[in-house]
Amino acid sequence: MSVDTPRRIVLLRHAKAEWSQDSDHERPLAERGRKDAPVAGRKLVDSGIVVDLALCSTAARTRETWKLAVHEMPKRPKTVHEERLYEASLGELIALINETPDEVRNLLIIGHNPGMHALADALSASAEGDTLARMTHGGFPTAAFAVVEFSGSWKGVEHGVGKLIEYWTPND
């Protein structure tokens, strides 16, 4: 695959989690989260993006979100549970993306805020239609996702490299 091939990064925030006595890392999904996660999976399928690789935080709520969302997909992509996604800074998230093999065309990251929102915003030099305005105004609620498109190698991903082509929330 040429490095000039358009690539996409899908940033999915975990679905709504319970507030519990468990450690933050072990918080399970709330009932609303268990309803929203498959809807997000169906919406990703409807967008026509075929995910080649999914990086999922090791937190319980992200693993459960992914399990429910991926069930909606016709083909399960390779999935890596990545502990570095939990509480990752913007710089750490970009460094993880830079490690992606160039044969991957579409990368999905299932993670947490504020990282998912900050990453979508940082990577997007431009946007289609009102996607950036909606994301800026609405924030990045649970089970929301953003799709950023760019050309080039994963090693070249940095601030302002892409275009925000889609933004979806369960309230859309």
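Ten is the count to start from: a search of the whole structure, a predicted model, finds 10 salt bridges. Side chains of opposite charge can pair when their charged atoms come close. Several of these pairs are described below.

Arg8 pairs with Glu149 in a salt bridge. Their closest N and O atoms are 3.2 Å apart. This pair links distant parts of the chain. Arg8 sits in strand 1 (residues 6-13), while Glu149 belongs to strand 6 (residues 145-151). The two are 141 residues apart. Arg8 has 18% relative accessibility, so Arg8 counts as buried. Glu149, at 24%, counts as partly exposed.

Lys35 counts as exposed because its relative accessibility is 54%, and the cut-off for exposed is over 50%.

Helix 1 also takes part in a link between distant parts of the chain, through Arg42. Arg42 forms a salt bridge with Glu72, with 3.3 Å between the closest N and O atoms. Glu72 lies in the loop between helix 2 (60-70) and strand 3 (78-82). The partners are 30 residues apart. Relative accessibility is 26% for Glu72, which counts as partly exposed. Arg42, at 39%, counts as partly exposed.

Salt bridges can also join into a network. One such network links Asp24, Arg27 and Arg61.

Methods. Residues numbered from 1 in each chain as written. Predicted model: local features only at pLDDT ≥ 70, side-chain atom pairs only at ≥ 80, totals over all residues. Heavy atoms only, no water. Salt bridge = Lys/Arg side-chain N within 4 Å of Asp/Glu carboxyl O. Helix = DSSP H or I, 4+ residues; strand = E, 2+ residues; numbered from the N terminus. Buried < 20%, exposed > 50% of the residue type's maximum accessible area, 1.4 Å probe, protein only.
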